[in-house]
Structures are given as structure tokens and as C-alpha cells.
Protein chains: 2
Amino acid sequence: MTSDAPARRVTIVDVARHAQVSTTTVSKVLRNATGASAAVRARVQHSIAELGYRPYVGARGMRGRTFTIGVMLPDIRNPFFADVLAGLTEHLHGTGYQVLHGTGRNGEDIEARVTEAMVDRGMDGLVLVAPISSGAHLERIARVVPTVVVGRHGRSTLYDTVADDDHAGAHLVVAHLVGLGHRHIALIDHRETDPVRLAEMPNAVRADGYRDAMRRHGLADEIDVVSTTYTHDGGYLGASQLLARPALPTAVFAGADIVAMGMLQALAEAGLSVPADVSVAGYDNTTIAAFGPVSLTSVDQAGQQIGGHAARLLLDRIADRGTPASHIKLTPTLVARRTTAPPRVSHPPIR
Amino acid sequence: MTSDAPARRVTIVDVARHAQVSTTTVSKVLRNATGASAAVRARVQHSIAELGYRPYVGARGMRGRTFTIGVMLPDIRNPFFADVLAGLTEHLHGTGYQVLHGTGRNGEDIEARVTEAMVDRGMDGLVLVAPISSGAHLERIARVVPTVVVGRHGRSTLYDTVADDDHAGAHLVVAHLVGLGHRHIALIDHRETDPVRLAEMPNAVRADGYRDAMRRHGLADEIDVVSTTYTHDGGYLGASQLLARPALPTAVFAGADIVAMGMLQALAEAGLSVPADVSVAGYDNTTIAAFGPVSLTSVDQAGQQIGGHAARLLLDRIADRGTPASHIKLTPTLVARRTTAPPRVSHPPIR
DNA sequence: CCGGCAGTGGGTAACGTTTTTCAAATGTGT
DNA sequence: ACACATTTGAAAAACGTTACCCACTGCCGG
């Protein structure tokens with residue numbers, strides 16, 4: 001009969017006693033190390049199973065390894081991050097590593113607390129997804145534990161990076177809209193003041209790509225950036241600002257799907273229809289974008305692949321911490337759906 | 001200048017040497033224990049700051065505590081779980097406990113691996129959100145580490161539970177639809193074969209509540225349950241099955257928002273409009289349900305509150321493992337939106 | 001027949017922290 | 001000035017695991 005007693009943990013000593021061998025031998029069996037005969041090995045395995053022994057990770061950690069990979073996610077609600085995580089765990093499945101994650105909640109102090117906590121827990125490797133911490137902080141972490149940074153453009157010799165080519169992604173969106181006949185294309189951007197982060201964060205690169213693409217299409221004069229935030233409310237606010245103007249742009253490039261959602265809501269409330277009155281494109285190709293009734297044109301970042309690459313790089317770096325840093329850049333693809341269409345009144349070609 | 005050297009961790013010994021005291025004294029300062037004068041305390045604090053010392057959790061764990069709370073989430077994509085997590089971390093903020101989570105991916109083996117991993121890492125407490133493991137497994141865990149189970153109806157003397165009253169929630173939906181004039185109300189259920197889980201899982205309780213409510217409204221003959229799964233595809237499939245019939249019900253109660261989404265997609269593809277042709281209600285009041293263009297009638301479970309309660313119970317249990325198990329049941333509320341309306345052809349009242 | 005070698009198993013010392021025990025120093029009341 | 005309580009700080013022993021080293025057994029070749 002099972003009892004309610006607090007139950008002391010079974011240790012390697014219990015197994016050793018039960019199998020009539022030394023703890024050293026049990027350890028050898030556990031690690032598949034040489035120096036144990038087949039007979040002894042079998043006896044120890046049997047004892048392990050019978051006693052239900054599981055190695056205590058804290059003690060293992062003191063000897064160097066915890067078989068744990070920590071993943072910092074900025075926000076658990078964004079489906080893109082879920083894709084990355086899925087790719088990661090998929091790749092790590094069967095390697096003996098356990099994935100645990102923590103949320104940075106898009107706050108620099110909270111994010112730092114999470115990453116520090118992972119270091120303090122002796123994790124063998126860290127994956128930081130779209131971190132907002134300073135580059136110096138990232139390097140401080142990477143110096144202590146093998147680290148891969150995902151979805152951020154800053155580089156370092158101390159950690160690997162996997163990111164999407166946001167510049168190319170922005171080009172895809174602009175080209176798609178121009179191809180439909182749009183000229184006045186606005187961008188909803190995430191306001192960023194910190195000069196260091198400015199260059200490294202995806203939103204900044206997307207904004208750069210947008211400006212560059214507009215210029216290349218001869219639309220330099222039409223560049224129109226509205227700065228809010230990469231949130232649902234930010235999209236709502238951005239749409240409100242556009243609606244307050246005398247004339248609406250014919251198309252809007254929202255820097256993230258979540259922003260596009262906020263816009264769609266504001267536009268619907270204002271009685272405008274999409275794409276008849278205005279085209280809207282997002283970024284990330286989240287599940288909700290693909291959802292039929294929404295059907296948002298978006299840019300797909302292949303989050304699952306990104307996660308897979310991150311896992312691979314991290315395993316390499318754990319195996320040999322001296323490997324030079326790799327920087328992988330994936331090419332995004334455009335998924336055209338029903339929120340983008342030719343403008344109602346087509347502008348006459350220039351000249 | 002910072003170097004690329006691997007950087008050895010600063011230990012309590014380094015701090016002790018720097019502050020010219022024993023490690024014991026440093027430990028006392030760290031834990032705010034008595035037995036250190038104000039002067040020494042200040043000196044140690046200064047050394048800690050100067051060296052950037054952080055206690056190594058693995059070593060602490062060997063002495064009993066890791067200041068870590070583990071949260072098992074079945075699925076990172078479901079916003080309801082994100083709400084629960086937010087409530088949890090909110091409540092735990094400032095307590096010195098760090099929250100780390102792992103995903104069970106709705107697989108019994110993967111879930112077991114995650115929970116075992118948390119135990120192996122010496123976590124101080126566990127929150128298991130909507131676990132699918134057997135009750136025996138849950139009790140085995142709870143015997144080793146303080147545990148709170150969220151969103152599941154089975155009870156035990158070994159762990160606390162926090163759950164929503166799914167029976168009442170189903171009543172709310174049926175009452176709402178009946179109030180609008182519906183009689184033929186179908187339920188999309190999650191098929192469950194395991195007899196033990198059958199009674200404990202939320203979907204089963206919702207189905208029970210639905211049947212009970214239908215009977216109380218004199219609609220026993222109209223009870224109509226379609227069994228698929230609680231996924232987007234499950235909703236799509238359920239809708240397809242209904243569409244294959246000669247006559248559609250006038251309203252459908254999808255057991256979860258994600259199921260409702262799949263249904264909406266299938267109905268839209270079939271050229272039917274909601275709520276004109278058929279009313280649809282969900283469950284969970286996820287973010288996407290509230291999203292304007294979707295505007296799904298749903299049942300709100302107050303995930304944030306649930307998480308808060310779970311955190312509180314867990315802290316109590318950690319403080320005193322002997323406390324008798326609490327079982328909290330929260331009352332859900334209905335959020336009526338635009339996917340439910342009176343049926344097109346109102347049935348005449350009975351008799 | 002002896003020296004070396006491969007293979008097997010065990011003893012022991014870490015790893016970084018907290019807890020327990022104890023001695024010294026300080027203060028307090030006659 | 002003396003006994004005695006109290007405070008302060010240190011030494012040492014755990015916690016569970018692994019890595020390093022050593023001892024022992026057969027066995028092979030010279």
C-alpha cells in the first residue's frame with residue numbers, strides 16, 4: 001500500500017548497496033562508461049529499475065553537467081515563438097537534454113532575471129529568443145554558458161545567432177503591394193529609442209528594409225512611418241492615427257501580425273473594409289493570420305526551422321565551446337492572402 | 001577590457017576571502033540569518049556586489065532548496081494557459097522564487113518526462129496545468145514535492161487543486177442559447193477513452209454539464225454530441241460531420257475556443273454565415289475570441305485568477321507540507337458576442 | 001617463467017552551499 | 001574584580017554525483 005509519508009529520494013548509494021557494487025560502478029553504468037562488465041551492468045540496471053532510481057540533477061550539476069537547455073521567450077502568447085520552441089524541442093528530442101523555458105515578458109529587468117536564473121541553475125546551454133537585453137549583457141551570459149541568440153541581428157564572437165532576413169522580408173511586402181498597384185504604403189513601426197538596440201532589433205531592420213524597398217521602387221516620397229509599438233494596442237493606435245488624417249494610405253505594412261490585428265479591429269470599427277478600402281499586410285505568419293476568417297497576408301519566418309538550427313548550433317557549441325560563432329540567416333517567404341488587393345482607385349503611372 | 005576566457009564562477013569562498021570572513025558568515029548574510037553584526041554584514045554585501053557573486057543553485061539544492069517553481073503546461077499555444085501562467089508569475093513576483101516551465105505537448109510520456117525532470121532538478125514546488133497523466137502518477141509526484149493541479153477535476157489528499165466549474169460553464173452556454181430561442185443545440189466534444197481520466201478532465205465535465213442543462217430545459221431529446229478532439233482540426237472535422245447531415249442544428253457549443261475556430265473556418269468555406277445560419281459558442285475566452293472580426297461568444301475562466309490561487313496554495317504548501325489539501329472551484333462567466341443570435345426560423349414554444 | 005597489458009571494480013577527493021557545533025569575545029550584574 | 005549570559009564568527013560535516021587514480025585479475029608473447 002502506498003503511504004502518505006514524505007518519501008526520501010533514492011540515491012546512487014541505495015542502488016550500489018542493492019546491486020552489491022560500489023557507487024563508482026553504478027555511475028559508470030549510468031553514463032555508459034567503460035569499466036563495467038556486462039554481468040555487473042545488468043545487475044545494476046536491474047537494481048535501478050527495481051528501486052526506481054533517478055539521478056539527482058543538482059548533484060550532477062556540481063560535477064559539471066545538468067542536461068538542461070534553458071530557453072528564454074519574450075512572450076508566451078506570440079505563436080511565432082511557439083514555433084521556434086517546437087523546432088527546438090523537436091531537434092533536442094532523444095538527446096538526453098531537457099528543455100525548460102522562462103518568460104522575459106519584454107522587460108529588460110525581468111529578462112535579465114530569467115537568464116541569470118538559468119545560469120545560476122547550471123544549465124548546459126541557453127537559447128535566447130528575441131532578447132531585448134544589451135549586447136554587453138548577452139556577451140556576459142555567453143561567456144559563462146554556451147548560448148545561441150535567435151531573432152536578433154547583432155553579432156558577437158561569443159554566441160551563435162539564427163535570424164530571419166527581415167530586410168528581405170520587408171522587401172517582399174513592399175514588392176507585393178507595389179505589384180498590386182499601391183504607391184502610398186505606410187509602415188507601422190515599433191518605436192525604439194536605445195541607440196544600441198536600434199540596429200539589432202528585427203523591427204528596425206524591417207523598417208530599414210521598407211525604406212530601402214520604397215526607394216528602389218521609386219517611391220521615396222511616399223515613405224510614411226507611423227511609430228507605435230509591436231502590440232495589439234499599438235496596431236489599434238497606429239490605425240487611429242492614420243484615420244485622423246485627411247487621406248488614408250492605400251496600403252499599410254504592419255511590422256508584426258499582432259499589430260495588423262489591432263489595425264483590422266480599428267478599421268472595422270471605423271466602418272472601413274479590408275482590402276476594399278485599404279490593404280493590410282503583417283509579418284510572422286502566425287496561426288491567427290492563417291485562420292480563414294482573418295486571412296492576413298503575412299511574411300513567413302519558418303519559426304520551426306529557426307528553432308531546429310538553434311538547437312543544432314547549441315549542441316555543437318556545447319560539444320566544443322571553442323568553435324567560432326556561426327550566424328545563420330534564413331530567407332523569409334511571402335504568404336499572400338485576402339487582406340491585400342489592388343487599390344480601389346488606381347493611381348496613374350508617374351510621368 | 002573583457003576577455004574571451006571561459007570565466008570561472010565566483011563562489012562563496014571568493015566572497016569570504018575578499019571580505020575577510022568565513023564562508024559561514026557570508027552564508028548568514030545571504031540568507032538574512034542572525035549571527036552577523038551590521039558592520040560585517042555591510043562588508044560582505046559590498047564584496048558580493050564588487051565580485052558580482054551569485055549563489056549557485058545546484059549547491060543550494062543539495063542542502064534542500066532551489067527557489068524554483070516548475071510549471072507544466074500542456075500546450076504553449078493556448079492563450080488560456082498563458083493567462084494562468086501570468087497570474088502565477090505575478091503572484092510569485094518578489095517572493096524570491098523563479099518560475100520555469102516545460103511543455104507536456106498533450107502527450108502522456110512527454111508530460112511525464114517533463115514532470116520527472118522538474119523533480120530531478122529539485123524544484124521546490126510544481127504547478128501542473130491540465131495534466132493528462134494518471135491520478136496515480138500525479139500522486140507519486142505530489143508525494144515527493146509540493147504540488148498544485150490546475151484545471152482538472154480529480155481530487156487527492158496529496159495535492160491542492162484549482163479548477164473552473166466547467167459544469168456551471170456549460171450550463172451558462174446552454175441557458176444563453178436557449179434564451180435566444182435555440183432548441184437543437186449540438187456539442188463538439190473531445191473523445192476520451194480512458195475511464196479514469198474520463199471523469200477528471202474538463203471536457204468530460206463540460207459534456208456532462210451540457211447534457212444536464214439540456215435536460216433541465218426540457219430538451220433531453222435534442223441532446224446531440226459530436227466527438228472529435230479539442231483542436232482546430234477537431235473543430236473543422238466536427239463541422240464537416242454536421243454539414244454532411246440532412247439538417248444542421250441551429251446552434252453549436254464548441255467545447256473550446258480553438259474548436260470553435262476550426263468550426264468557423266469550415267462553416268465559412270461551406271458558404272454559411274454565422275450567426276445567421278448557425279450560432280457558435282466557444283469556451284475559454286481566449287484573446288482570439290475577443291478579437292473584433294472574430295467576436296466569438298465564449299465562457300471566461302479567469303485564467304489569471306486561477307494562476308494566482310495556484311501560486312498562493314503552493315506557497316502555503318511549501319511552507320507547511322502537512323496542510324490538508326484545498327480544492328478551489330471558480331465560477332466562470334459568459335461573454336456574449338456576435339457569433340450567437342436567435343435562430344433564423346424561431347421554433348414555436350412547446351405545448 | 002616472467003613482464004607487461006587490457007579489462008574490471010573500488011577508494012577518495014572534489015564540486016558550492018547550508019547547518020550544526022563550538023570557541024572566543026563581548027557585555028552585564030553583583 | 002568575578003561569574004555568567006549573549007553575541008559573533010569559524011570549523012567541520014553533510015548533500016549526491018563524477019573523475020581521477022590505483023589495485024587486482026587473467027592472459028599473452030617472449
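Let me start with P275(A), which sits in the loop between helix 12 (257-269) and strand 9 of chain A. When I say helix or strand, I mean a DSSP run, H or I over at least four residues for helices and E over at least two for strands, numbered from the N terminus. Some housekeeping before going on: residues count from 1 along each chain as its sequence is written, while chains are lettered from A and ligands numbered from 1 in the order in which they are written. This is a predicted model, where local features need pLDDT of at least 70, side-chain atom pairs count only at pLDDT 80 or more, and totals for chains, interfaces and linings use all residues; side-chain values use heavy atoms, with hydrogens and water left out.

Back to our proline. What is the peptide bond from V274(A) to P275(A)? That bond is cis, with omega near 5 degrees. In chain B, V274(B) and P275(B) are also joined by a cis peptide bond, with omega about 10 degrees, and P275(B) lies in the loop between helix 12 and strand 9 of chain B.

Strand 8 (residues 251-254) of chain A pairs with strand 9 of chain A in the parallel sense over 3 bridges, and V252(A) has V280(A) as its bridge partner in strand 9 of chain A.

Now for the helices on that sheet. Touching here means contact, with heavy atoms within 4.5 Å, and the angles, from 0 to 180 degrees, are taken between N-to-C directions of lines fitted to C-alpha atoms, for helices over the stretch in contact.

Chain B has an open sheet of 4 strands as well, with the order 7-6-8-9 and parallel pairing. Between strand 8 (residues 251-254) and strand 9 of chain B, the parallel pairing runs over 3 bridges, and F253(B) stands opposite A281(B) in strand 9 of chain B. Helix 12 (residues 257-269) of chain B packs on the sheet and touches strand 6, strand 8 and strand 9 of chain B, its direction making about 145 degrees with that of strand 8 of chain B.

Next stop, strand 4 (residues 147-150) of chain A. Are its residues buried or exposed? T147(A) and V149(A) on one side and V148(A) and V150(A) on the other are all buried, where buried means under 20% relative accessible area, exposed over 50% and partly exposed in between, using a 1.4 Å probe and protein chains only. Strand 3 (residues 125-129) of chain A runs parallel to strand 4 of chain A, joined by 4 bridges, and L126(A) has T147(A) as its bridge partner there.

On to the cores. Nonpolar side chains in soluble globular proteins tend to be buried together. The largest nonpolar core here has 53 residues, and V127(A), V129(A), V150(A), V127(B), V129(B) and V150(B) have the most contacts inside it. By core I mean a set of buried Ala, Val, Leu, Ile, Met, Phe, Trp, Tyr and Cys residues joined through side-chain atoms within 4.5 Å. Leaving aside neighbours within four places in sequence, V127(A) is in contact with residues including I69(A), L88(A), V150(A) and L314(A). Apart from that core lies another, of 43 residues, with V252(B) and M261(B) among them.

S295(A) is not a glycine, yet its phi is positive, near 50 degrees, and S295(A) is buried at 7% relative accessible area. Q20(B), also not a glycine, has a positive phi of about 60 degrees, but Q20(B) counts as exposed at 70% relative accessibility.

Note on methods:
Pairing = 2+ DSSP bridges.
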